[in-house]
Amino acid sequence: MDCVLDGNCVKAFGKAIHALSRIGDELWLDPMVRGLALRSVNSAHSAYACFLFSPLFFQQYNLGSVSEEGNETIKCKLVIKSVLPLFRCLSSIERNVKRCQISISAPCDRVMIRFFCRHGITKTHNVRFQESEALQAVFASHLCPNVLKAPARLLGDMVTHFPVSQEEITLSMTSLRVSLRNYFEGAKDHIKTMHTEISLHPEEFDYFQVGVDSDITFCLKELRGLLAFAESHCLPVSVHSSATGSCVVCRPVCFSVEDMVLEATVVLATLIDSEIRGPSQPTETPVPTTPRCVHAATLPVGSCEARSNIPHDITAVTELVTSSQDSPIINPPALMQLLPQTDIPNEFCVPDAACPSTSTTPASTVICSLLFRALSSDEDDDSCAAGLNVLACYSDGEETMEDYPRSFLLGEVTQDALHILTFCDVAQSRSK
Amino acid sequence: MTVEEDENGSCDTPGAILQNIRPTRRSTTFATMPLSTQSQADDEQYVLVASLDNARNLSNILKAITFKDHAIFTATPNGLKVTVEDSKCLQANAFIQAEIFQEYTIKEDLVGFQINLTVLLDCLNIFGGSTVPGVSTALRMCYRGYGYPLTLFLEEAGVVTVCKINTQEPEEPIDFEFCSNNVTNKVILQSESLKEAFSELDMTSEVLQITMSPSQPYFRLSTFGSSGNAHYDYSKDSDMMELFRCTKTQTNRYKMSLLKPSTKALALSCKVSVRTDSRGFLSLQYLVRNDDGQICFVEYYCCPDEEVD
């Protein structure tokens, strides 16, 4: 693979690497016909990011010797720490770098990154890589009932209100408002820490679709990189999410930006608080009555009612939800209708056998994680990791992506409720 | 080392009598007044007297070579040379010509002593090294000769401090036998371009390899670190290249740990000359402009780590 970026694009490329460095320690470089993908995943496999630069982004983009042996292009895995210093000082890159050449050649184990700078100076870096299977998360964004598209700075401005140390935040969506608040584990934190909640009216968004009222909690730190990238490129950020329809199903949230020449996606696992899932709740089928019970119950009801700008309806709905833990609730008709439409067939639910164990564990937070296994495309489903009930493996290369069923499937691995989710590629499946 | 705060009375050490300086007295000519009140008779005792209106003109340049505690001071009628060495492989010299000093008197052809450089710098900065414009520390450096301490009179805003720093027997500085006749390759670069390269150098690399050649890559700095290697190439036509005189392709490696201190000198300098001789010895010469725009030089000599052809 051999590609050349011109000066302006080097800065964008560098920013992508900065954003990816916030996710994980390793960077997957995947040159494909449809562009160069940079991907990273965190060690807990609960956050994934992908930056895809189309060939148009580059001055030159050659995949090299793909045709001859019929081999795929080399996919490599680099240590982010060895690449990040090359792009650390973006302002000096902007000033000095005229062109950047990146090439991977088969015989050697190095990626060559060469900066052609002003004043006749050339900087060449040969960075060691490991050959690796492509990393890819598959996420059916078109199946998400909730879609937001926020103008470039909106989300960035919202998150600046949270302290840098804030690990997780909760995004709540109803048809009348969207809010972000910080998330705390355990009741004891409520007293000592500062609670921040920011609400936005749907009109603030470029696109607003809330199919199912939801509260989702995810890691903020890992998102900040993408938000910084979006802000610097003035790109709107799309948010695709689902409600936590049943007590054991947890769906990740996907943040993405795109423009003519690049697409960036961050997929984050969301948190389920199993305190909510008491033994009294049925576990075989998703319970339509508890779409938002996950987080509402952990928050003081008072905070919902205190806000003066909330229309009366919202308050009523919130109250309904918080009481759902104790008594059956009567849902507004809207909620009932939406749930069956969200293409989450019951048969994809976690097998019953696994459920009781999770619902009877003591109140502890269960984190859904995305697990990306380097499976080759012809590997049999049954040979997946022991105990898995994964019904399909994610694709390994671009060619298999096209035929891949657009659905997500899940399985449960262990007693301590590690969920494995596989998703279709956002970029491919997105059809707006 | 003894430091005596002398505000109200005369100093009791022999040969260093100051007029009484009362804290309430203020004068517009802070720099020269108190120190110049020393009587002529006392100066007779000193083999070396050097005065600066702004002590930073000495301390800044000494900071560029402070990677070891001890330095060898060699004073000649031409000026002052301060030498610091490391493991017999690296030598750094700072030259402050006689013209830089407001007063420079030397009674012998060569005056030499060894002194603790860290302590000297602490004394030169004893008033805190403020950068308020118009306020500077004046310095009068006096040396009576072999066996005597180096006496510093430092004054700022009417307050005088006298420092006496013990001196040691000067060791003979290494003679790297680097002479101009033997120089095979020489380039002069504007420091700006090298500063960035040196700040980005991969510190996990044990060596810094310098390649100089009349053909491509002309002038190349290379590192071999844990994550891969890096090369910084400067074309001979670069506008950062003020002089390019390479006769033979040479590649030499130098220990990164030895060359790292030279980045301080690089940071102060505006131009740097890089020369290698037939043995692969490296000479880096930095042109430094002090606060008053005067030129001083710092040079580093380094032995090659191994010969690479």
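This is a predicted model: local features need pLDDT of at least 70, side-chain atom pairs count only at pLDDT 80 or more; totals for chains, interfaces and linings use all residues.
The size of an interface is often given as the accessible area lost when the parts come together. Here chain B and chain A bury about 1300 Å² between them, and 40% of that area lies on carbon and sulfur atoms. On the chain B side, 33% of the buried area comes from Glu196(B), Ser227(B) and Asn229(B), more than from any other three residues.

The contacts across this interface can be followed in some detail. Eleven residue pairs are in polar contact between chain B and chain A, with both residues at pLDDT 80 or more.

Side chains of opposite charge can pair when their charged atoms come close. Between chain B and chain A the count is two salt bridges. Glu196(B) forms a salt bridge with Lys123(A), with the closest N and O atoms 2.7 Å apart.

Turning to chain A itself, an open sheet is formed by four strands in the order 14-13-12-16, with antiparallel pairing. Its edges are strand 14 (197-200) and strand 16 (214-219), each of which pairs on one side only. From one strand to the next, the twist averages 20 degrees. Strand 12 (residues 168-173) of chain A runs antiparallel to strand 16 of chain A, and six bridges join the two. Leu171(A) is found opposite Ile216(A) of strand 16. Helix 4 (residues 152-159) of chain A packs on the sheet, where it touches strand 12, strand 13 (178-182) and strand 14 of chain A; the direction of the helix makes about 155 degrees with that of strand 14.

Asp206(A) sits in the loop between strand 14 and strand 15 (207-210) of chain A. Leaving aside residues up to four places away in sequence, Asp206(A) touches Lys149(A), Ala150(A), Pro151(A) and Pro236(A). The C-alpha atoms of Asp206(A) and Ala152(A) are separated by 10.0 Å, although the two residues are 54 residues apart along the chain. Over all chains, a search of the whole structure finds 20 salt bridges. Among them, Lys11(A) forms one with Glu94(A), the closest N and O atoms being 3.0 Å apart. This pair links distant parts of the chain, with Lys11(A) in helix 1 (residues 7-21) and Glu94(A) in helix 3 (residues 90-96) of chain A, 83 residues apart.

Chain B holds an open sheet of ten strands in the order 11-7-3-4-5-20-19-18-12-16, with antiparallel pairing. Strand 11 (167-168) and strand 16 (241-246) of chain B are the edge strands, each pairing on one side only. Strand 3 (residues 70-76) and strand 7 (residues 111-116) of chain B pair in the antiparallel sense over six bridges, and Ile72(B) stands opposite Gln114(B) of strand 7. Helix 4 (residues 117-124) of chain B packs on the sheet and touches strand 3, strand 4 and strand 7 of chain B, its direction making about 85 degrees with that of strand 7. Helix 3 (residues 56-63) of chain B lies across strand 4, strand 5 and strand 20 (295-302) of chain B, and runs at about 165 degrees to strand 5.

Some backbone features complete the tour. Most residues other than glycine have a negative phi, and most peptide bonds are trans. His45(A), not a glycine, has a positive phi of about 60 degrees and is found in the loop between strand 3 (35-41) and strand 4 (47-53) of chain A. In chain B, Ser87(B) has a positive phi of about 45 degrees; this residue belongs to the loop between strand 4 (79-86) and strand 5 (90-97) of chain B. A cis peptide bond, with omega about 0 degrees, joins Gln216(B) and Pro217(B). Pro217(B) lies in the loop between strand 13 (207-212) and strand 14 (219-225) of chain B.

Notes: Residues are numbered from 1 along each chain as its sequence is written. Chains are lettered from A and ligands numbered from 1 in the order in which they are written. Side-chain values use heavy atoms; hydrogens and water are left out. Buried area is the accessible area (1.4 Å probe) that two parts lose on being put together, summed over both. A salt bridge is a side-chain nitrogen of Lys or Arg within 4 Å of a carboxyl oxygen of Asp or Glu. A polar contact is a pair of N or O atoms within 3.5 Å; within protein, one must be able to donate a hydrogen and the other to accept it, and residues adjacent in sequence count only if both atoms are side-chain atoms. Two strands pair if DSSP finds at least two bridges between them. Axes are lines fitted to C-alpha atoms, for helices over the stretch in contact, and angles run from 0 to 180 degrees between N-to-C directions. Contact means heavy atoms within 4.5 Å.
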